[in-house]
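Work through the following exercises with the sequence and the coordinates open side by side. Each task is followed by a solution that goes step by step.

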Amino acid sequence: MLDKFGFATPEQVASRFFTEEVLKKPKAILECYEDIPCNPCVTSCPTGAITIGPDINKQPVLDPDKCTGCAVCVGACPGLAIMVAQIKEDRAWFKIPHEFLPHPAKNELWDAAGRDGRLIGVAKIEGVVLSPKTKTAIVTVSIEKAQLLRFATVVTKHA
Amino acid sequence: MIAKELVVIGGGPAGLCAAIAAAESGSRVLILDRSARLGGQLIKQTHKFFGSENQYAKTRGFDIAKILLSRVDTFADLIEIWVEATVVALYPDKVLTVVQDGKYIKIQAKAIVVAAGASEKFLAFENNDLPGVYGAGAVQTLMNVYGVRPADRVLMVGSGNIGLIVSYQLMQAGVKVAAIVEAAPRIGGYKVHASKIARLGVPILTSTTVLRAVGETCVKQAVTVKLDPAWKPIPGTESVHDVDAICVAVGLTPLTSLLAMAGAMTSYIPELGGYAPILTDEHESTLADVFVAGDAAGVEEASSAMVEGRLAGLCAAKRLGYPHADFDDIVSECHAQLAGLRNGPFGCKTCAGIAKMREVRDHAR
């Protein structure tokens, strides 16, 4: 699936998520499914929660006990392959990287897409942090909890 | 004839790192580049780099160019730069012919680092000479160097990292990417790059290629076709895409023409992108004192080009009598970094290519 179409299978995605209990607090979801030579997630993490090991071609592993959900890795990952997920009551909250202009603005509603690009619903923009240094905006969005494992990104402002 | 110590051909990631390493060692360096601006392909790369901090990971390509150029500036007394200076000939006695400002200039070098990069491969299909059929490098140059939007709707041919990255950049520039077609049954580039595009709704069509461009004076449509496991078009599977550009990103081949002209040994090694020079572990060609680094030595990522450049610059400077104070340590660090970058499934291909190159080299001895 990933090799042929460019998006991960639901099983692959589920393997990178944590239980609802753990996700009461924000945790990084590392969607790096391929051995490529890369390690900025490890070197950027302020709490040492991400490990790759001596061979930087290996995939990163997150220690959810150490991860604070700060999202520094979201802006550091060159593959834009990290999001932070959290469950707050009946909503799933995410911090995602965004590199298109115009960036969303707080309180706007945006159409949300799954990993295959299909629209899955409407997400609310809860906050936007622009980083002049990385030039990748970190957008906080919420969507109904049922979309926890499907949500990938926001694509256009909801008409 | 102008006499120079070390001449570096090409001011991209490999050439700049070679010049910096040689100047750190104490050598005088002349960088020759055919462009108006140094940085090579780095200045067109808007994505963050992979690799480790040693290769400026998570920094965007054009920012890496700025870092390297400011490092070059600190050696203003040692590094001389000629831009819009195209090397058109290289002779076995290390004489170069450079064209600059409409004049032919001859340079006698004591040592040379060839960091000329690579050229794009192209694809034969009907009407591929229509305006609107671009190489990916041209699209990047228009968008990211000159700020010109190359088209409104593009069909991307090739799903290697360049095809994927340029598709993403086109979308950032407001251009619609109709689809990415890939003749192989699998996506060629990093899946994280593919996923960035897939989640934005762009279909990646594997086992599919472009059959022809349609249009009288410019591209109006592209016809694609599915391929069977033997890569033969399957009749009846054609589909038509309304696009005003077709971007061809089907790989690169090392620019070895200068080396071949001077008589350096090259060999056809598909894993390295085509004809590649036969090199020692110090990146010296079969011509004494002529070193090669970056894509000219075998097509790979810019991360490894920078490390190879550093290695070649250090070794060339040592040959000229300027051994770096920490020569042995830095050289083994460079080899360790290259081994690290090439340790994964993508690096395997490069390692296989290098193994073939060494076989040719050892056989020739």
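For the angle between two axes, values under 35 degrees count as roughly parallel, values over 145 as roughly antiparallel, values from 65 to 115 as roughly perpendicular, and the rest as oblique. The model treated here is predicted, with an ipTM of 0.97 and a pTM of 0.96, and chain B has an average pLDDT of 97, with 100% of its residues scoring at least 70.

**Exercise 1.** Classify the packing of helix α3 (residues 136-145) of chain B with α4(B), and describe the residues that meet.

Solution. Begin with the geometry: the two helices pack at an angle of about 30 degrees, and their axes are 10 Å apart. Because angles under 35 degrees count as roughly parallel, α3(B) and α4(B) are roughly parallel to each other. Their crossing is left-handed. Next come the residues: from α3(B), A136(B), V139(B), Q140(B), M143(B) and N144(B) meet I162(B), G163(B), V166(B) and Q169(B) of α4(B). Sorted by class, this contact has five nonpolar and four polar residues, and no charged residues.

**Exercise 2.** Describe how α4(B) packs with α5(B), and state the class make-up of the contact.

Solution. The angle between α4(B) and α5(B) is about 35 degrees, with the axes 9 Å apart, and the crossing of α4(B) and α5(B) is left-handed. On the side of α4(B), the residues taking part are N161(B), L164(B), I165(B), S167(B) and Y168(B), which meet H193(B), A194(B), K196(B) and I197(B) in α5(B). The class make-up of this contact is five nonpolar, three polar and one charged.

**Exercise 3.** Decide why helix α5 (residues 191-198) of chain B can be called largely enclosed, and find what surrounds its buried residues.

Solution. Eight of the eight residues of α5(B) are buried, so the helix is largely enclosed by the rest of the structure. Among these buried residues are K191(B), V192(B), S195(B) and A198(B). The elements they pack against include α4 (161-172), β10 (176-182) and β11 (204-206) of chain B, together with α1 (2-5) of chain A.

**Exercise 4.** Characterise the contact between the two chains from the side of chain A.

Solution. On the side of chain A, the elements that give two or more residues are α1, α3 (40-44) and β9 (151-157), and the largest share, four residues, comes from α1(A). By class, this side has 18 nonpolar, seven polar and nine charged residues.

Technical notes: Residues numbered from 1 in each chain as written. Chains lettered and ligands numbered in written order. Predicted model: local features only at pLDDT ≥ 70, side-chain atom pairs only at ≥ 80, totals over all residues. pLDDT = per-residue confidence, 0-100. Buried ≥ 20, exposed ≤ 12 C-beta atoms within 10 Å, placed from the backbone. Contact = placed C-beta atoms within 7 Å. Nonpolar A, V, L, I, M, F, W, Y, C, P; charged D, E, K, R; others polar. Axes fitted to C-alpha atoms, helices over the stretch in contact; angles between N-to-C directions. Left-handed = near helix turned anticlockwise from the far one by under 90°.
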